[in-house]
Amino acid sequence: MTARRLGIAERLYTGQLSYDFMGNRRRWFLISAVIIGVSLVLLLIRGLTLGIEFSGGTDFQAPMSIQQGSVDEVRERVGDIEVEELDAQVFTLGDDAIRVQTRSLTPDETNQVRADVAEIAGVAAEDVTYNAISPSWGDQITRQGTIALVVFIVLVMALIAVYFRDWKMSVAAIVAVFHDLLVTVGVYAAVGFTVTPSTVIGVLTILGYSLYDTVVVFDKIRENVAGIEHTNHTYSEQSNLAVNQVLVRSLNTTVIGVLPVLALFIAGATLQSGPLADLGLALLVGMIAGAYSSLFIAAPLLAWLREREPGMTEHRARIARRQARSAARSGRARLDAAAEPLAAAATLATVDDAAPTVAAPTVRHERRTGGSRADRRKKGTR
């Protein structure tokens, strides 16, 4: 009966098919370091485009029927408003309103921009609502958000350390989270998208997603390394097996999660909807970075930290001694097996040399004389 052929997922789970994540960790660390370095350079050179919720400004909203090309037309006409350094950004609010955000304006500038926006939208000035946001409010929001992020990280580290009873897992998980944050912020700096409250929501969402993926990998590692001191496997080997075992699941989860987020981002960018585009970009970049960091950053970093422990160092030394003894026994066995035919041949040769020689029987020859045998008998009797 023909054996059933295993699929890729089954071969990864059983270890028949495996990629060496741990052995190539230096490569992944180097790639991540380059990506983070580029993100930091972009932040220093280009910086982030902060929305008025963080930098302060004035927000105008006017009812308007949105059609294809309406946003581009409004953006072009807003650029002609005779206010210096207006820094206007135009977005849609659904399909029946337009939103124009500018820098902080004086009362006179506010009245002028309000009248111009009303003219562009084809409505009365009284129908255009506006809201002035001071920079101090944005600073307060930024400060509160930073405090919330720090509290979140501390609580997550404590929870992971208690759940897995291993503080090194907390360190590896938080390093992966910071990796995802820096990559996402770097992409925002590169494309010039505006950082809005939607961006903050997206970032907080990807933090949870990244941690979920990392916890799944760590849970499998914990299962594989249970009682590892009594086996012939190292921590890195069992961790590598765990990553391969959850690889297909992680890829499937990421693809399923990215597809709707990609649709959200495309819709937001196509419809010129700032909040949708901001949220979609943060989720899209963060989910992909989270899946990458869980497999290529968190797990290899955890294995590297654990392998440096004295207990794991001694365990690897014991494995090396066992392998050396096994290799020595195998070498002796091969030498013995190779020597057996030679010994047999030597024994056979010795037996052949010691065998006695048998003399060939001699043939008695009589000298012939003349006469017949009867005559010779007569002569003999005489």
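User: Is the crossing of H8 and H9 left-handed or right-handed?
Analyst: The crossing of H8 and H9 is right-handed. Please note that this is a predicted model.

User: At what angle do the axes of H8 and H9 cross?
Analyst: The axes of H8, residues 197-224, and H9, residues 235-270, cross at roughly 140 degrees and come within 8 Å. The two helices therefore count as oblique to one another.

User: Which residues make the contact?
Analyst: On H8, the residues include Tyr209, Tyr212, Asp213, Val216 and Lys220. On H9, among them are Gln238, Leu241, Val246, Arg249 and Thr253.

User: And how do the residues of that contact divide by class?
Analyst: The contact of H8 with H9 has ten nonpolar, seven polar and three charged residues.

User: Changing topic: how much space lies in the largest pocket?
Analyst: The largest pocket holds about 750 Å³ of space.

User: Which lining residues are closest to its centre?
Analyst: Gly145, Leu149, Val195, Val200 and Val203 are the closest to the centre, out of 26 residues that line the largest pocket.

User: Which elements give two or more residues to the lining?
Analyst: These are helix H3 (52-55), helix H6 (135-164), helix H7 (167-191) and H8. The largest share comes from H6, with nine residues.

User: What is the lining like by class?
Analyst: The lining of the largest pocket has 19 nonpolar residues, six polar residues and one charged residue.

Definitions and conventions
Residues are numbered from 1 along each chain as its sequence is written. This is a predicted model: local features need pLDDT of at least 70, side-chain atom pairs count only at pLDDT 80 or more; totals for chains, interfaces and linings use all residues. Side-chain values use heavy atoms; hydrogens and water are left out. Axes are lines fitted to C-alpha atoms, for helices over the stretch in contact, and angles run from 0 to 180 degrees between N-to-C directions. Helices (H or I, at least four residues) and strands (E, at least two) are DSSP runs, numbered from the N terminus. Angles under 35 degrees count as roughly parallel, over 145 as roughly antiparallel, 65 to 115 as roughly perpendicular and the rest as oblique. A crossing is left-handed if the near helix is turned anticlockwise from the far one by less than a right angle, and right-handed if clockwise. Contact means heavy atoms within 4.5 Å. Ala, Val, Leu, Ile, Met, Phe, Trp, Tyr, Cys and Pro count as nonpolar, Asp, Glu, Lys and Arg as charged, and the others, Gly among them, as polar. On a 1 Å grid over the protein atoms alone, a cavity is a set of points where a 1.4 Å probe fits but cannot get out, and a pocket is an open set with protein on both sides within 12 Å along at least five of seven lines; lining residues have an atom within 4 Å of a point. Grid points are joined across faces, edges and corners, and a volume is the space filled by probe spheres set on the points.
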